[in-house]
Amino acid sequence: MLGPVDYALWVAGFVLEAAVVVSMFYRGALARYFSIAVDMACTFAAQCAQYVCSLKFGVSSRQYFHFYYYSDALRTVVLFFVVIQLYQHAFAAMGASRYIRGGAFLLLVLTMILSYIVVRQHKAHLTEGFVVELGQDLYFVGTVLTYILWGAMMKLRERPAWLMQLVLALGIYFSATAGTYALRDLSPAWRGSSLIWVSPIAGLWLPVAWTYTFLATPEKPLFVTSRIAVKAQ
Amino acid sequence: MIAALIYVVSLVVLIQFFVYYCRSALASSRKVALSARVRDAAGVGGDSVAADDFERFLELVRLCPENSADRAGIRAVGTYYSLLHVLARLSQTTVPSVAAWAERERQGCSHFAAVALDRRISFSRDLFVQQASSRP
């Protein structure tokens, strides 16, 4: 049975996902960060489908459990496309788009092959533990990819403020969710604890932070780190 | 074992991402000059705001109508400010250079809150003008 907090989180999620797309459109960034709009649309669709599934089978059913986690895993794969686009923007000036596309394609193929092998090996027992482990691995790959991107951006002389904040917000989301999944994987006793709220709240963080980036942050590049900026002042 | 490793790495990376997210938000607001109306509203005398002014600015921000666009930034910087406050207290006697850095960062947080207040005042005025113009 869904409680008022569940409904509040659901409604807030819908509103915030729409807010990201509207703010991108308002600031003329829709075409440039198209993958973010696609991700928001996919999240919106997944949440609608989860709601229908919860009505049909109930939130404590196995069907809902598996649907929730597998749709979440698919959404994480969609988020990888966002990471790829952020890589492209970060290294556009270096003319490395071709290599990034190649690398991203390779990463995608490897992820698909690995997922296929893992699912094939576990098809007889696609248990709760397996679903949590899959989510944990996908989020951790996202954390590593975002960390590499951020590390590379720190070496660039010109750091666009939008891009910097989009990457950092995504990094917070990936690392918080990967950590939560790992904690749940460490001890099955924690699976039913308050940790179940971390993922939905982290899910709200991403659209809130991205809306903030598009609406309240100037697009001008942050040429220098704040430490150097203080020295310059 | 792998889950423990993932947990530790994710936690360390999360802290790093969070600190840099807050610092990038502060860096973008640092370039914004404070308007006279914010100085008047908060009773700021000099050119720069003090590190301890953050709470006062935040209270004034809360008095203004909510604007969903800046909520994430204010919450994140609020958490960052609280962490810096603890760090400054702990390092005051042991590592003065860290305490001095934390003080500078806290001052940046106060400036960020002042800029947020300025935006909220503008937002409130726009709302008031819209309501006044829509009345018959």
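In helix H2 of chain A, the residues A:Ile36, A:Asp39, A:Met40, A:Thr43 and A:Ser54 are buried. The model is a predicted one, and the predictor gives the complex an ipTM of 0.79 and a pTM of 0.80.

**Helix H2 of chain A**

- Helix H2 covers residues 34-57 of chain A, 24 residues in total.
- From its first C-alpha to its last, H2(A) reaches 34 Å, close to the 34 Å expected at 1.5 Å a residue.
- An α-helix has 3.6 residues a turn, so residues three or four places apart point the same way.
- Among the buried residues of H2(A) are A:Ile36, A:Met40 and A:Thr43.
- After H2(A) comes A:Gly58, which has a positive phi, near 90°.

**Fold and dimensions of chain B**

- Chain B contains 5 helices and 0 strands.
- Read from the N terminus, the order of elements in chain B is α-α-α-α-α.
- Chain B is more spread out than a compact globule, because its radius of gyration is 18 Å, well over the 14 Å that the globule rule gives for 136 residues.
- The C-alpha trace of chain B spans about 70 × 40 × 20 Å along its principal axes.
- Of the 136 residues in chain B, 36% count as buried.
- When contacts in chain B between residues at least 6 apart in sequence are considered, 78% of them join residues at least 24 apart.

**Contact between chains A and B**

- On the chain B side, 25 residues are in contact with 32 residues of chain A.
- Helix H1 (2-30) and helix H4 (68-94) of chain B each supply at least two residues of the side that touches chain A.
- H1(B) gives the most to this side of chain B, with 18 residues.
- The side of chain B that touches chain A is made up of 15 nonpolar, 5 polar and 5 charged residues.

**Confidence in chain B**

- The average pLDDT of chain B is 82, and 95% of the residues score at least 70.
- Within chain B, confidence is highest in H1(B), at a mean of 87.
- Confidence in chain B is lowest in helix H2 (residues 36-42) of chain B, where the mean is 77.
- Where pLDDT is low, the predicted coordinates should not be read in detail.

Definitions and conventions:
Residues are numbered from 1 along each chain as its sequence is written. Chains are lettered from A and ligands numbered from 1 in the order in which they are written. This is a predicted model: local features need pLDDT of at least 70, side-chain atom pairs count only at pLDDT 80 or more; totals for chains, interfaces and linings use all residues. Two residues are in contact if their C-beta atoms, placed from the backbone, lie within 7 Å. Helices (H or I, at least four residues) and strands (E, at least two) are DSSP runs, numbered from the N terminus. Ala, Val, Leu, Ile, Met, Phe, Trp, Tyr, Cys and Pro count as nonpolar, Asp, Glu, Lys and Arg as charged, and the others, Gly among them, as polar. pLDDT is the predictor's confidence in each residue, from 0 to 100. The expected span of a helix is 1.5 Å times one less than its number of residues. A residue is buried if 20 or more other C-beta atoms lie within 10 Å of its own, exposed if 12 or fewer, and partly exposed in between; C-beta atoms are placed from the backbone. The radius of gyration is taken over C-alpha atoms; the globule rule is 2.2 Å times the number of residues to the power 0.38.
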